[in-house]
Amino acid sequence: MAITKGPLSGIRVLDLSQADAGPVTTMLLGDLGAEVIKLESPLGDLMRFGDSEIKVDVKNYYMLTLNRNKKSVVLDLKGKLGKEAFNELVKVSDIVFSNFRADVPQRLGIDFDALKKINPNIIQCNLTGFGATGPYTEYPCFDIVACGHSGILSVCGEPGGSPVVPGGIALADLMSGIYAVLSILAALINKNQDGEGIKVDANMLDSLLFMQKVLFQSYFSSGKVVSFQGRRHHMLPTYGIFKTKDGSMTLGPTNEDKLIELVGLGWMLEDPKYNNIVSRVVNKEEFTKYFEEALLQKTTEEWVRLFRDENDWASGPVYNYDQVTKDPQVSHNNMIKEMELKGKKYKTIGSVFKMHGMIEGEPDPPPDLGEQTEEILRDVLGYSGKLINDIKSENEIGAWRMRGCKK
């Protein structure tokens, strides 16, 4: 297994990130064919939860999800030999990526100015919570903290209720990782044009603000603070999520007059309170009550057949995960991948990149802690067996130090 060909083949990434936002960035780069060397501390990525080996079980789902197509190398950057090996890897790499607090790269001596002295063509990206500069640079941040700070939690929930985690997913981690990838790809294009390295900044806060641009524009225009969005569009009463006889369904914007007729509410078209879009918005609460009651008369499948299949309107079911994994379009898109780790097969979400003829091969499973340390130090840097063993010994001492122990 391995991605043998991709648009980023020949690009080497030194990945110092851990948790979620950072690893999703480098996983995407790996899906495009980049060689990703996951540089880990002697204790490893915090999502290993203290385990050096990855197993196919519930405890390892973060590592299984976010770390395919990577090679794990353990270096103690606070040790003399580890820092020297890191500097040697910088010389032969294209990108150094991390997700430290903004002040940490400089304290570790791996900030852009330091890296550029080693490799003038290097691209450095450090993904932060709040930004590379400013009053919050030293504040700790995780996904939920960024969600609260960005305002997105203030619009996620039902009116009169409490904020909810958007979709139950790590939205700030995911989106900041995607935007970091876009910035890195732009930096690679620039590097190909003028040969210069560049410093790239990405952060969770900005990513979530950008995602809310439409709602913020509404606030800027009206001066009215946007509140919980609930299950419906804030202006279109027939756009959103609706209960049916046996579940729930979604409806996109469509010909509302015809829609009203099809659900059995044709009388509304003669009533001034509901006979045009404006009046339906003005009388939204009453209109919605009638509309909801009408949709409860048929099953989701019946409505989708009527709306989507017979009238070509954007609509569909609300699936649970079991239904999603059995959906024929999801299967056709090859988004549920089966991989193998140590002889045990497991399923995971596949790559989003569909570039026909440009990407070949299958992804490698995530590595154990330090699994490729010897390989990279020997084959990439040409280190002798003695020097590699000395680095491993330094890593052991570093692990004891990080645990607060004395050896």
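Which residue in E5 stands opposite Val13? The points below begin with the answer.

1. Val13 stands opposite Ile95 in E5. The two strands concerned are E2, residues 12-15, and E5, residues 95-98, which pair in the parallel sense over three bridges; here two strands pair if DSSP finds at least two bridges between them. Helices (H or I, at least four residues) and strands (E, at least two) are DSSP runs, numbered from the N terminus.

2. A note on the basis of these values: the model is predicted, so that local features need pLDDT of at least 70 and side-chain atom pairs count only at pLDDT 80 or more, while totals for chains, interfaces and linings use all residues. Residues are numbered from 1 along each chain as its sequence is written, and side-chain values use heavy atoms, with hydrogens and water left out.

3. E2 and E5 belong to an open sheet of six strands, in the order E4-E3-E2-E5-E6-E7 and with parallel pairing. At its edges are strand E4 (70-74) and strand E7 (198-203), each of which pairs on one side only. Neighbouring strands of this sheet are turned against each other by 20° on average, direction ignored; axes are lines fitted to C-alpha atoms, for helices over the stretch in contact, and angles run from 0 to 180 degrees between N-to-C directions. Helix H7 (residues 171-194) packs on the sheet, where it touches E5, strand E6 (123-128) and E7, and its direction makes about 165° with that of E6; contact means heavy atoms within 4.5 Å.

4. Strand E9 (residues 248-251) pairs with E10 in the antiparallel sense over three bridges, and the bridge partner of Thr250 in E10 is Gly316.

5. The axes of helix H6 (residues 143-150) and helix H8 (residues 204-211) come within 9 Å and cross at roughly 50°. The two helices are therefore oblique to each other, a class left over once angles under 35 degrees count as roughly parallel, over 145 as roughly antiparallel and 65 to 115 as roughly perpendicular. On the H6 side the contact involves Asp143, Ala146, Cys147, His149 and Ser150, which meet Met204, Leu205, Leu208 and Leu209 in H8.

6. With a disulfide taken as a pair of cysteine sulfur atoms within 2.5 Å, the count comes to zero disulfides. Cys141 is in no disulfide, and the nearest cysteine sulfur, that of Cys147, is 8.8 Å away. For Cys147, the closest cysteine sulfur is in Cys156, at 7.7 Å, which is too far for a bond. Cys141 is buried, with a relative accessible area of 17%, and Cys147 also counts as buried, at 0% relative accessibility; buried means under 20% relative accessible area, exposed over 50%, and partly exposed in between (1.4 Å probe, protein chains only).

7. Two backbone angles deserve a look. Phe49, in the loop between strand E3 (35-40) and helix H2 (61-66), has a phi near 55°, a positive value in a residue other than glycine, and is partly exposed, with a relative accessible area of 43%. Asn334, in the loop between helix H15 (328-332) and strand E11 (336-341), has a positive phi near 60°, again in a residue other than glycine, and counts as partly exposed at 43% relative accessibility.
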